[in-house]
Amino acid sequence: MSRIEQATVKKPLPRQAWAMMALAASFVLVLSGTIVWRESAQAPQSDVVADALAARARAVKPDYVVPVSSDTVAQAESAVMAKRLDTRVKAPDLSRMGYRLVGVDVYSTPVASFDLRYVDARGRAVTLYLRRSPGSTRFDILQEKGLRVCVWQDNIISTVVTGNMSAAEMERLASLAYSNLTM
């Protein structure tokens with residue numbers, strides 16, 4: 001009987017075992033805290049709206065500018081856009097709302113991106129800023145620096161449309177641009 005009792009009764013852990021478990025737990029806490037701190041200390045990804053407004057204001061110099069004078073040039077630039085953004089995109093046709101493509105600015109910093117410039121018959125300018133999405137989805141219409149801004153982002157592409165217009169007109173224009181964006 002005494003042998004059975006000795007085999008089934010749990011013995012308390014010695015002090016050394018408790019000390020080792022405490023040391024292991026503190027190591028795990030320090031390691032996970034360091035990882036969290038390093039991730040939060042990294043530079044945050046640039047904001048797509050700020051980058052789009054900087055491109056529109058020409059506060060950032062593009063790597064090169066492609067003037068668009070014909071459909072052939074626009075088609076060639078669409079092929080370049082698709083390759084650089086690694087997705088099937090093209091310069092959208094916004095002629096249904098009276099806008100024509102007049103130029104494409106190409107940027108490599110902060111990320112590979114394009115700023116497509118459109119104008120209408122009255123000289124009103126609209127820009128379409130495109131780059132790869134960080135993976136999150138987003139849809140916003142807001143007012144920034146006197147301009148209406150529409151951010152339309154899916155898990156593949158981030159699109160920012162900027163122009164001086166009403167929210168309803170911006171919604172129609174952004175919808176037209178987004179639906180004509182893919183090849």
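This is a predicted model: local features need pLDDT of at least 70, side-chain atom pairs count only at pLDDT 80 or more; totals for chains, interfaces and linings use all residues.
Q: How many aromatic pairs does the structure hold?
A: There are two aromatic pairs. One of them joins F139 and W152.

Q: What makes the pair of F139 and W152 edge-to-face?
A: The ring centres are 5.1 Å apart, with 80 degrees between the planes.

Q: Where in the chain do F139 and W152 sit?
A: F139 is in strand β5 (residues 138-144) and W152 in strand β6 (residues 147-153), 13 residues apart.

Q: Is W152 buried, exposed or in between, and how do you know?
A: W152 has a relative accessible area of 24%. Buried means under 20% and exposed over 50%, so W152 counts as partly exposed.

Q: Why is the pair of W152 and Y178 called stacked?
A: Their ring centres lie 4.4 Å apart and their planes are at 5 degrees.

Q: What does the pair of W152 and Y178 tie together?
A: W152 lies in strand β6 and Y178 in helix α5 (residues 167-179), so the pair ties together parts 26 residues apart in sequence.

Q: Which residues do the ring pairs link into a cluster?
A: The cluster is made of F139, W152 and Y178.

Key. Residues are numbered from 1 along each chain as its sequence is written. Side-chain values use heavy atoms; hydrogens and water are left out. Rings of Phe, Tyr and Trp (its six-membered ring) pair if their centres lie within 6.5 Å; planes under 30 degrees apart count as stacked, over 60 as edge-to-face and the rest as tilted. Helices (H or I, at least four residues) and strands (E, at least two) are DSSP runs, numbered from the N terminus. Buried means under 20% relative accessible area, exposed over 50%, partly exposed in between (1.4 Å probe, protein chains only).
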